[in-house]
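Visitor: I have a chain open on my screen and I would like to go through it. Can we start with the overall layout and then look at single residues?

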Amino acid sequence: MEMIRRLTLELRNKKPGEVKELVLDNCLSDDGKVIGLSSDFENLEFLSMINVSLMSISNLPKLNKLRKLELSDNRISGGLEVLAERTPNLTHLNLSGNRIKDINTLEPLKKLPNLRSLDLFNCEVTTLINYRESVFTLLPQLSYLDGFDADDQEAPDSDPEADGDGVEDEYENGEEGEEENDDYEEDDLDEEVIDDEDDDDDDLEGEEEEDGLDDEEDEDEDDLPRGEKRKRNLEDEGEEDPEDEEDDEDD
């Protein structure tokens with residue numbers, strides 16, 4: 001895809017002045033030069049043109065608010081003085097995978113007072129003896145070269161959200177919260193099961209007690225004489241003993 005067409009797609013009906021981040025990676029530049037960009041992108045803070053076959057950045061427009069510029073995997077070998085003229089507030093510059101061979105090629109970057117991070121991975125210049133010491137001496141404003149400071153301490157993540165760390169943390173926190181909720185639900189279920197078991201035990205004990213009382217009554221009735229037993233049964237059923245009726249008639 002050509003750079004101009006890609007630029008149109010990335011705008012998504014926005015005006016250039018409304019855009020703060022612009023990614024044009026893997027599209028085709030025009031004869032190795034930047035095309036389509038203009039100073040109308042006055043609020044642009046992040047620009048990425050990775051692997052677009054750039055050989056020159058001479059067509060880069062004036063972008064006063066640009067802070068981070070990604071130019072890795074191109075064919076740039078020099079002409080960096082354009083950056084000092086048109087991106088004076090640049091803080092991060094990635095030239096990894098380009099054709100930078102000499103330390104002197106980096107000298108124009110001295111005019112970028114806010115430059116804090118420079119990446120030159122896979123550039124021939126990194127094979128020079130005392131490469132790191134030479135670059136830090138040439139560019140004293142630098143804090144990090146190829147991701148490490150002068151004491152070989154790794155650079156912290158300057159933008160965790162851009163790397164997705166913040167989403168992962170939220171997701172992990174969400175998972176932890178769900179696990180805790182699951183634990184609480186399991187505990188509640190266990191308590192309910194225990195309560196149900198206790199209720200069942202109480203019911204069984206109550207039934208056993210009733211059965212015991214019934215058995216005792218049956219035993220007491222078995223001990224009674226047959227006539228008394230029959231009389232008690234009739235009383236329970238609400239009937240009178242025929243013998244009692246005869247006695248009443250005789251009276």
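**Layout and selected residues**

Guide: Along the sequence, the pattern of the chain reads α-β-β-β-α-β-β-α-β-α-α-α. Helices (H or I, at least four residues) and strands (E, at least two) are DSSP runs, numbered from the N terminus.

Visitor: How many helices and strands is that?

Guide: The chain has six helices and six strands.

Visitor: Where does the model come from, and how are residues numbered?

Guide: This is a predicted model, in which local features need pLDDT of at least 70 and side-chain atom pairs count only at pLDDT 80 or more, while totals for chains, interfaces and linings use all residues. Residues are numbered from 1 along each chain as its sequence is written, and side-chain values use heavy atoms, with hydrogens and water left out.

Visitor: What is the average pLDDT?

Guide: The chain averages 78, and 63% of the residues score at least 70. Residues 159-180 have a pLDDT below 50, and beyond near neighbours in sequence this stretch has four contacts in the model. Over residues 245-251 the pLDDT also stays under 50, with one contact beyond four places in sequence. Here pLDDT is the predictor's confidence in each residue, from 0 to 100, and contact means heavy atoms within 4.5 Å.

Visitor: What share of the residues is buried?

Guide: Of the 251 residues, 29% count as buried. Buried means under 20% relative accessible area, exposed over 50%, and partly exposed in between (1.4 Å probe, protein chains only).

Visitor: Give me a strand residue. Is Ser 117 buried or exposed?

Guide: Ser 117 counts as buried because its relative accessibility is 12%. Ser 117 belongs to strand S5, residues 117-119.

Visitor: Which residues does Ser 117 touch?

Guide: Leaving out residues up to four places away in sequence, Ser 117 touches Thr 91, His 92, Leu 93, Leu 142 and Tyr 144.

Visitor: Cys 27: buried or exposed?

Guide: Cys 27 is buried, with a relative accessible area of 2%. Cys 123 is buried, with a relative accessible area of 2%.

Visitor: What is the phi of Asn 51?

Guide: Phi of Asn 51 is near 55°, a positive value in a residue other than glycine. Most residues other than glycine have a negative phi. Asn 51 sits in the loop between strand S2 (46-48) and strand S3 (68-70), and at 38% relative accessibility it counts as partly exposed.

Visitor: And what is the phi of Asn 122?

Guide: Phi of Asn 122 is near 60°, also positive in a residue other than glycine. Asn 122 is in the loop between S5 and helix H3 (131-138). Asn 122 counts as exposed because its relative accessible area is 69%.

Visitor: Last one, Lys 62. Where is it?

Guide: Lys 62 is in the loop between S2 and S3, and at 39% relative accessibility Lys 62 counts as partly exposed.

Visitor: What does Lys 62 touch?

Guide: Not counting residues up to four places away in sequence, Lys 62 touches Ser 39, Glu 85, Arg 86 and Pro 88. A polar atom of the Lys 62 side chain lies 2.8 Å from the backbone oxygen of Glu 85.

How values were computed
Polar contact = N/O pair within 3.5 Å; in protein donor to acceptor, adjacent residues only side chain to side chain.
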